[in-house]
Amino acid sequence: MDEHEPADRREAAQAVERSLSVLFGRARSFSLQVAKQVHPGLDTASYALLVHLYETGPVRAAEIVERTGLDKSTVSRQIARLEELSLLERAVDSADGRARIVQLTAVGHDRLAAVRSDRRTLLRERLSHWSTEDMQTFSSLLDRLNEVL
């Protein structure tokens with residue numbers, strides 16, 4: 001931070017940093033709780049991969065590596081673990097019979113859908129006292145933050 005910035009701006013930036021630190025910590029804890037609801041043996045990284053597949057649909061493992069920026073070996077371990085938990089499966093790619101895709105199993109899809117629905121309901125309940133305008137403003141500010149992070 002520039003030492004020539006006004007003190008109130010430095011203090012505001014520090015307040016944002018403190019609030020983000022609390023938010024990120026709570027988000028990690030919340031993600032772990034949600035992951036355990038999908039399956040007791042699921043960790044947060046594998047949960048994130050499941051969510052990615054839920055949103056994108058079946059893809060090749062190489063595409064997951066490319067889209068997430070994770071290491072190929074990390075993605076391979078996560079896929080193997082999710083297969084062990086019967087939440088994910090490999091299948092032949094209909095566009096190229098030589099290639100394999102990964103996709104959610106029916107069980108994986110259903111469990112994830114139920115947990116995500118519960119999570120959305122909980123978030124709506126927790127924000128029920130917020131005005132629509134406040135939620136729109138907050139969403140817009142989060143989008144701006146995500147663009148710069």
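Mentor: What follows is a walk through the salt bridges, pair by pair. This is a predicted model, in which local features need pLDDT of at least 70 and side-chain atom pairs count only at pLDDT 80 or more, while totals for chains, interfaces and linings use all residues. Residues are numbered from 1 along each chain as its sequence is written, and side-chain values use heavy atoms, with hydrogens and water left out.

Side chains of opposite charge can pair when their charged atoms come close. A salt bridge here is a side-chain nitrogen of Lys or Arg within 4 Å of a carboxyl oxygen of Asp or Glu, and a search of the whole structure finds eight of them.

Take Arg60 and Asp96, whose closest N and O atoms are 3.6 Å apart. Arg60 lies in the loop between helix H2 (44-56) and helix H3 (61-68), whereas Asp96 is in strand S2 (residues 96-104), so this pair ties together parts that are 36 residues apart in sequence; helices (H or I, at least four residues) and strands (E, at least two) are DSSP runs, numbered from the N terminus. Arg60 and Asp96 also belong to a network of salt bridges that links them with Asp93 and Arg98. With 31% relative accessibility, Arg60 counts as partly exposed, a class that falls between buried (under 20% relative accessible area) and exposed (over 50%), using a 1.4 Å probe and protein chains only.

Glu84 and Arg81 form a salt bridge as well, at 3.1 Å from N to O, and both lie in helix H4 (residues 72-84), three residues apart, which is about one turn of the helix. Glu84 is exposed at 58% relative accessibility, while Arg81 is partly exposed at 32%.
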